[in-house]
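Have a look at it first, then read on.

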Amino acid sequence: MSQEKYQQALSWGLDHGLEMDQRIERRCIDGICGIYAKEAIPKGTVVTSFPMDKLIPQSRNYKENNKVPEDMKLIYTTAIELAKGVDSEFIGCVSMFETIEELKGYSFYFFNDSEFQWLFQLNPNLCRLAKERCAQIDAIIRAIKEIQPDLDENFIIQAALNRNSRSWDNNIGFVPILD
């Protein structure tokens, strides 16, 4: 992710209640970015916080939402917010997501048969797990498309794959900067 994209997300987060201890900073080392301590931080210090009411709610009052199983609500509401683009009131929660183009470059979800064969040769169990997750994502897509057929499938895929790597859990969701 570019420094510009990070700065935009950070600015949005700070404007919406993100608090970060001044002793931490973002660094990128060998292309891997993370949050690092600049100096010793005493035990028990709250290093970061973000107000829960500024996160993407899992139970919006979408007319269709009561039909969505609980485990899919975060993916569903996030896909809706992704579809809104910069008009989303939660843009800072999704602005650091891997794009669908980036995901196509490395996510197992987009593997072809030969890539799955290669994975099987390396680790049959990992291959099985990846194929199972692909089937789960396909089921999520079908379920959400039944409820909202006009929602672009790519937003559902992007929300589902980023949920795997960025979501804190079903009760929290996506936290800007901290995911």
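## Ground rules

A crossing is called left-handed if the near helix is turned anticlockwise from the far one by less than a right angle, and right-handed if clockwise. Helices are DSSP runs of H or I, at least four residues, numbered from the N terminus.

This is a predicted model, so local features need pLDDT of at least 70 and side-chain atom pairs count only at pLDDT 80 or more, while totals for chains, interfaces and linings use all residues. Residues are numbered from 1 along each chain as its sequence is written, and side-chain values use heavy atoms, leaving out hydrogens and water.

## The α2/α7 pair

Helix α2 (residues 73-84) passes α7 in a right-handed crossing. Who does the touching (heavy atoms within 4.5 Å)? On the α2 side, L74, I75, T78, A79, L82 and A83; on the α7 side, F155, I156, Q158, A159, A160 and R163.

By class, that contact has 9 nonpolar, 2 polar and 1 charged residues. Here Ala, Val, Leu, Ile, Met, Phe, Trp, Tyr, Cys and Pro count as nonpolar, Asp, Glu, Lys and Arg as charged, and the others, Gly among them, as polar.

## Cysteines

How many disulfides are there (cysteine sulfur pairs within 2.5 Å)? The count is 1: C28 joins C33, S to S 2.0 Å. The torsion about their S-S bond is about 100 degrees, so the disulfide is right-handed.

For accessibility, buried means under 20% relative accessible area, exposed over 50%, and partly exposed in between (1.4 Å probe, protein chains only). C28 is partly exposed at 45%, and so is C33 at 31%. C93 is buried at 1%.C134 is in no disulfide, with the nearest cysteine sulfur, that of C127, 9.3 Å away. C134 is buried too, at 10%.

Terms used: Helix = DSSP H or I, 4+ residues; strand = E, 2+ residues; numbered from the N terminus. Contact = heavy atoms within 4.5 Å. Disulfide = S-S within 2.5 Å.
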